[in-house]
Amino acid sequence: MRRFGPLLGLVVTSTILSFMSPYFLTFDNLINVFRQSSVNALLALGQLLVIITAGIDLSVGSILGLSCVLVAMMLKAGVPWPVCIAAAVTIGAALGMTNGLLLTKLRLPHPFIPTLGMMNVARGLAFVVSGGFPISELPDGFRFWGAGTIAYIPVPVILVVAVYALFHIFLSRTTLGRDVYAIGGNKQAAMFSGIPVDRRLTMVYALSGGLAALGAIVLAGRLNSGFPLAGDGAELDAIAAVIIGGASFFGGVGTVWGTLIGALIMGVLRNGLTLLNVSPNWQKVVIGVVIVAAVWIDVLRQRTRTRRRLVRK
Amino acid sequence: MSTMDSESLLSMQHITKTFSGVRVLDDVCFEVRPGEVHALIGENGAGKSTLMKIVTGLYEADRGQVFWKGQPVEIKTPHQAHELGINIVHQELMLVPQLSIGENVFLGRHPVRSGFSRWVRWSDLNSRAKSLLEGLGHPLDPSRPVGELSIAEQQLVEIARALAFSAELIIMDEPTSPLSDHETTRLFRTISQLKTRGVSVVYISHRLKEIHQIADRVTVLRDGRHIATRPISETTTDQLVRYMVGREIGEQCSDNKTPVEAEEALRVEGLSASGKFYDISFSVHRGEIVGLAGLVGAGRTELVETLFGACEAESGEVYLDGQAVTINTPMDAVRHRLALVADDRKAKGLVLGGSVRFNIALAAPGRFARYGLFLNSAREKEVAKDLARELHLKTPSVEQQVIYLSGGGQQKVVLAKWLSADSKVFILDEPTRGIDVGSKAEIYDLIRRLAQRGVAILLVSSELEEILNLADRILVMHRGRISGELSREEATDELIMQLATGGAVH
């Protein structure tokens, strides 16, 4: 049930919207929803890894902003776009790794602290290095990653599916993924079983930072611009997608596909409500209600399960 | 002795208490006179804490009567106990570290301005706290936060707090276990102060030497029964140990092997971590079961967790198969094929939300992986099924979450985890704590079979019977040091207890 809950939510939401707006259920629109969700999906994937370890990463929106500005500046300076992409992802991963090292080496009490710090530092630096202005008119080779299509399918959509498939294998089929779940399930037991907890946590925050930078590339490519305010508040959307997708805030639980569905539910809601001429302000209200409702449904489900168990005993 | 004494402050008559069918207290009588220090002793599980929880209103007795100053009373809540003047200084101190000494002393009953019951009179509070502490011989500044204080000073704040409640009876549960010798002496001076004020003290301790120093009388409980109450001057340490242990040495299954000639698997030399344990040296041979006995708080768990790399040692060497090794993290320990079945399986042993298979593979995912990275679920499943069968694990499948297993089942999963990691040295810390009799017997059986396979085993246990039944050799710890070593032949309950309580062996 936990596995199919988010999917059911997506189907129900989509069905209702398709009755309310005839345009909703067209190929163009659905692909558009997916494309619009792609940046959030990339951030949410990193956030998922962190949340499985019972952590939180508040810095992904700002890391996206800083990477976005830096990649645009490098492109403007004439650096070839593949080098720029590689450099941006490396910088994002390095910033994320810094989060992880601050958490594990300085023994800060909770990931909230280092990532809150990084959220401010990275956003501040994004403004400092760009002077506060957007950097527009980027080369076509780079823009392809955000705005291009292959056989009608937007490149960001293909990218998201590929990256998600990769991380699905990582989380469910490798020993590293197994360690991530073990740490979230019981950090102390993981430590006592010989798992290098600090190293794995650092890895997870580095991956989250790298994925945020990947999101920056998609966003800058799509908008043909790197701007310092990019990804403002995006960390909260990413957290929302992970939670709607069935991951537990207490750690140890969560899947890649659940998170993708979580990101799509948010995209579908925003798209559908826009089609219905609902103002962005009211859209926020709806999203807020959905977040709380999704978790509440999960709580209810768990409670009935325990009750049933008790009855059986 | 159990007659209603007119001069008694507290008198508990024929107290019986049962928990889910198990009689924890059986017709126990206990009496405290005004201004006396009355020691209450017994092995773990003898019923001391339960008796004191009845006095302080946490439990209700099934049968029996409590008299306070000669009047029958019913103490149903801790609040009622406070009202009467009964206070307890807990083993885990119950203070708010962020608040000041003065605030802690008067927590919940700040002196207030008349008519404004929410308006605290700070000056009054501090001066009253100060005079209480001075009366106990320790002029501490009442405005200091409690978090800054040493454990000994915090105890003092708890005692002052009890006096602020106008306590006439203070119960101290193992007060000296976290204290240094010097601090212990100071605490004894404070207790003498209390006596001169006419306050009675019930003093629970395992340390028999201390009891002779501080107590006027002593009561011994064993297996929930009252064994003896004597003036301390008429008892000896030996006699008290005999009262505490009492039972005849049970029939042991004497396997007639003691593989002393086998190779040394683990050797520890001069291992120290200050405040925890000092200068520990011992060795365990292949196929040998070495018991590590001692009282709770003797430093055994700290020692084995340090050996396993979970805590830091300050000095000392560890050798495995004759080679010096450095173990700084549990990961190093696992790489050297060391296994630790920790004292708290839920906190340190298992991912409760994970499946049996997940947990069994936890310590050795690489062993089941292709290219060291990709999991081999089929192989994992196979190994998990084999181990579940071997250990008689009762579970519908290896995909079952371990949270739904019994305590014994969970412990078997922890053991299976280390079996699948192919460990050569097993450190077992209280391996049968809180599990059912059937699983217990199966785990004993497994421990013996492991030894027969040549695994070296260090068994930490507070159950003397368990150690006497399983161990080939027994080390005893007392206050962070190894106080003696006994061979299987010479070991008795009484000898172990003597070494564990710091008494000399004759």
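The contact between the two chains takes 24 residues from chain B and 16 residues from chain A, two residues being in contact if their C-beta atoms, placed from the backbone, lie within 7 Å. On the side of chain B that touches chain A, two or more residues each come from helix H10 (330-335), helix H11 (345-349) and strand E20 (374-375) of chain B. Helices (H or I, at least four residues) and strands (E, at least two) are DSSP runs, numbered from the N terminus. H10(B) gives the most to this side, with 4 residues. By type, the residues on this side of chain B are 18 nonpolar, 4 polar and 2 charged; Ala, Val, Leu, Ile, Met, Phe, Trp, Tyr, Cys and Pro count as nonpolar, Asp, Glu, Lys and Arg as charged, and the others, Gly among them, as polar.

This is a predicted model, in which local features need pLDDT of at least 70 and side-chain atom pairs count only at pLDDT 80 or more, while totals for chains, interfaces and linings use all residues. Residues are numbered from 1 along each chain as its sequence is written, and chains are lettered from A and ligands numbered from 1 in the order in which they are written.

The domain assignment of chain B, which is automatic or from a database, gives domain 1 (1-85 + 168-246), domain 2 (95-167) and domain 3 (264-500). The centres of domain 2 and domain 3 of chain B, taken over C-alpha atoms, are separated by 44 Å.

The largest nonpolar core has 246 residues. Such a core is a set of buried Ala, Val, Leu, Ile, Met, Phe, Trp, Tyr and Cys residues joined through C-beta atoms within 7 Å. A residue is buried if 20 or more other C-beta atoms lie within 10 Å of its own, exposed if 12 or fewer, and partly exposed in between. Among the residues with the most contacts inside the core are Val71(A), Ala216(A) and Ile170(B). Helix H10 (residues 197-223) of chain A supplies the largest share of this core, 16 residues. Leaving aside residues up to four places away in sequence, Ile170(B) touches Asn87(B), Val89(B), Ile159(B), Ala162(B), Leu194(B), Val199(B) and Val201(B).

In chain B, 4 strands form an open antiparallel sheet in the order E14-E13-E16-E17, where pairing requires that DSSP finds at least two bridges between two strands. Strand E14 (277-285) and strand E17 (323-325) of chain B are the edge strands, each pairing on one side only. Neighbouring strands are turned by 20 degrees against each other on average, direction ignored. Strand E13 (residues 264-273) and strand E16 (residues 315-320) of chain B pair over 5 bridges, and Val268(B) stands opposite Val318(B) in E16(B).

Helix H9 (residues 300-307) of chain B packs on this sheet, touching E13, E14 and E16 of chain B, and its direction makes about 115 degrees with that of E13(B). Axes are lines fitted to C-alpha atoms, for helices over the stretch in contact, and angles run from 0 to 180 degrees between N-to-C directions. In H9(B), 7 of its 8 residues are buried, including Leu303(B), Val304(B) and Leu307(B). Just after H9(B), Gly309(B) takes a positive phi of about 85 degrees.

Two residues other than glycine also have positive phi. Asn224(A), at about 55 degrees, lies in the loop between H10 and strand E4 (225-226) of chain A. Asn224(A) is partly exposed, with 17 other C-beta atoms within 10 Å. Asp223(B), with phi near 50 degrees, is in the loop between strand E11 (217-222) and strand E12 (225-231) of chain B. Asp223(B) counts as partly exposed because it has 16 C-beta neighbours inside 10 Å.
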